[in-house]
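Take a look at the model first, and then we'll walk through it together.

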Amino acid sequence: MKFAIPTFLLALTLATACCSKHNNATINFADMDTTVRPQDDFYNYANGRWTLNHPMPDDYSSYDAADVLTETTYQQILDIINEVTTHPQKPGSSAEKLARFYLSGMDTATINAAGIEPIRFFLDTIDAIQRPADLQNAITLLQKYYFISPFFILYGPYLSNGDAYALVIGEEGIGLDVSEYYLEDDEYSVEIREEYKKHIRNLFVLMGQDSATAQRSAMAAYGIEHRIAEITLDKVEQFNPTGKLRNVTVDELGAMMPTINWPKYFNQLNLPIPDTIVLDSEKSYFVKLDKMMNQVPIDDWKAFLKLKVLLETAKFLDSGFVREWFHFDRQIIGGQVSMPPRWKQMIEAMKNNFDDVISELYIERHFPQETKNHVVEIAENVRAALAEHISQATWMQDSTKAKALKKLSCTRLKIGYPPQRNDFSSLTMCDNFTTNVLNVLKNNFEYEMSFIGKVNDHSQWYEVVPFEANIYNVANQNEVILPAAFMQPPYFFANGDDAVNYGSLGAALGHEMTHGFDPQGRQYGNHGELSDWWAESDKEAFDRQLQKLIDRFNSFIVIDSMHADGEFTVGENTADLGGLVVAYTAFSKTEQWKDQTKLIDGLTPDQRFFIAYAQSWAGSYRDEEIRNRTKTNPHSLVWFRIEGPLPNIDAFVKAFNVKPGDRYYLPDSLRAKIW
Ligand SMILES: [Zn+2]
């Protein structure tokens, strides 16, 4: 895990290949509902039959176009794994380690027989704590496996110098996704935290405690999480990097948090004592945490730390733990009906922990050089279009425009896969899956921490793996990452017309690029260093446009009487609108755009562009997922990613002849114009 500020897009177009008389089938007519007027409900016009054609599998809580591609990608990975596991591999090679990892995960008899033995050493270390000063023995042990503890340690760029790697420490510690689940009293938050309390009591029972002791442990651990929720930044404050990130020295850290012996702490993690540390939270968090370390009974802290181990390892332990993990994480939170098959759980486990080995094999098979060349061309055209929009923005000062154009020219595009990958040569595999997972995590921690103090050559990928159907903007590196898996149908059609490739991939690229110039991205400079380079008047003019989007999204109802959260989602909604506008400008430079009378399947180039965009956001959700997502995910529900931005765009209004009185008509005064 690296310290990154990623803002990500989820999902685009969808699997097609039928229903068109053209070879390059891209728009999927079978998923459209042409009985719906596009002017009134463009989402259902483009996607009205999508859910019928793509019913949600039982092991999903939401299912969208990206998930369709993810399923394809998982099958591709399964083919690779089947090949690797059924052929002899060179002992000690990455492929052999991959095979052993996978097979150990499928061997549930061995996993069940071992029970909690593989995590016993964590529990023993925690049990040995006698006084506040001992807490760091367990905290550092958890951190070596990237487990959540009262604060995290990662590596990432320095704030003022993106060309070197620093050590980053920040706040964490709660088990639920957002602090409002602990603090707010709306019916849904109360329901989730009561279910969570049951869940953590069940985990303590599975660990071996009797039910009364488990209940006490659960309440003690929950009590600490609740106190942490009270002192952490809320989800909107998290989006303000200049407000929370700062450099500190070890002495300053020691003054904030004297209960930790910091020289010893770094020694326990096998790290040199750093000159400067990047702090990713308010200083007051550490001051208050230190007080808690001394005021909260040690036995409560032990329960909290054990809970962290159980939460992190449950899905890798015996079947009782896996069932309990599924029940809360997937059924209660997301409404999922059945557990993913074991092989899929293993791919998930490898995706997050052992990705480099699969990536190497995946890229060999599924990422041709021609794809990369074609995508680079589209991406550079989108970049040029954004430059045009920046130059023409009427609300931005000329001096700010010059800085914006410079930053855009520095935005690094990472396409396909990282050149440098984790070295697994020192990793050993055994027959027990849980132990293998722990070994991989520890190996990753040691590998990533070895970068601290070294030159940042910007070759690293942050939190993203090549076989992921997604695209990312990493704000503190000023880069956009396109994983190899993303650049295949339904996102990118090697032989597709420009309208669909710009409407889907182009809009996604535009979305990510504009993130560099939104309220969060504008706080980072050319190389990802922290630097707020906008003039006050630029911010005010920008915010006036944002307010129109905030108001529009606040008016949307997600389920029952629950509204969308316009403020929480405004960054993503702005990027959706900006991405579309910029991609459309890039598309307007193509030969296809110039002749709007040349129809394909009865559609003009402009109509194809907007339908391709809308089809990239087809999807459905379970009710539980809608409620959870609205609280925890800054991206809007798929249908609002259509209904929110499109009525603001003149070219859309023209392409579908939208008139006053139509539901998708917005008077000019309410249209947000940002780029
Ligand atoms: Zn985004």
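What follows starts with confidence, then moves to the domains and the core.

Keep in mind that this is a predicted model. Its mean pLDDT is 92, and 96% of the residues reach 70 or more. There's one stretch to watch, though: over residues 4-24 the pLDDT is below 50. That stretch still has 83 contacts in the model, beyond near neighbours in sequence. Where pLDDT is low, the predicted coordinates should not be read in detail.

Now for the overall layout. The protein is divided into domain 1, residues 116-316, and domain 2, which is made of 374-409 plus 495-670. Going by C-alpha atoms, the centres of the two domains are 37 Å apart. Where they touch, domain 1 puts in 16 residues and domain 2 puts in 13 residues. On the domain 1 side of that contact, you'll find eight nonpolar, four polar and four charged residues.

Next, the inside. The largest nonpolar core has 179 residues, and I358, V382, A583 and A614 have the most contacts inside it. Which helix gives the most to this core? That's helix α24, residues 566-587, with nine residues. And where does the core sit relative to the domains? Domain 1 and domain 2 both give residues to it, so the core lies between them.

To see this up close, pick out A583, one of the residues with the most contacts inside the core. Setting aside neighbours within four places in sequence, A583 is in contact with V382, Y502, G503, G506, A507 and G510.

Terms used
Residues are numbered from 1 along each chain as its sequence is written. This is a predicted model: local features need pLDDT of at least 70, side-chain atom pairs count only at pLDDT 80 or more; totals for chains, interfaces and linings use all residues. pLDDT is the predictor's confidence in each residue, from 0 to 100. Two residues are in contact if their C-beta atoms, placed from the backbone, lie within 7 Å. A nonpolar core is a set of buried Ala, Val, Leu, Ile, Met, Phe, Trp, Tyr and Cys residues joined through C-beta atoms within 7 Å. A residue is buried if 20 or more other C-beta atoms lie within 10 Å of its own, exposed if 12 or fewer, and partly exposed in between; C-beta atoms are placed from the backbone. Helices (H or I, at least four residues) and strands (E, at least two) are DSSP runs, numbered from the N terminus. Domain bounds come from an automatic or database domain assignment. Ala, Val, Leu, Ile, Met, Phe, Trp, Tyr, Cys and Pro count as nonpolar, Asp, Glu, Lys and Arg as charged, and the others, Gly among them, as polar.
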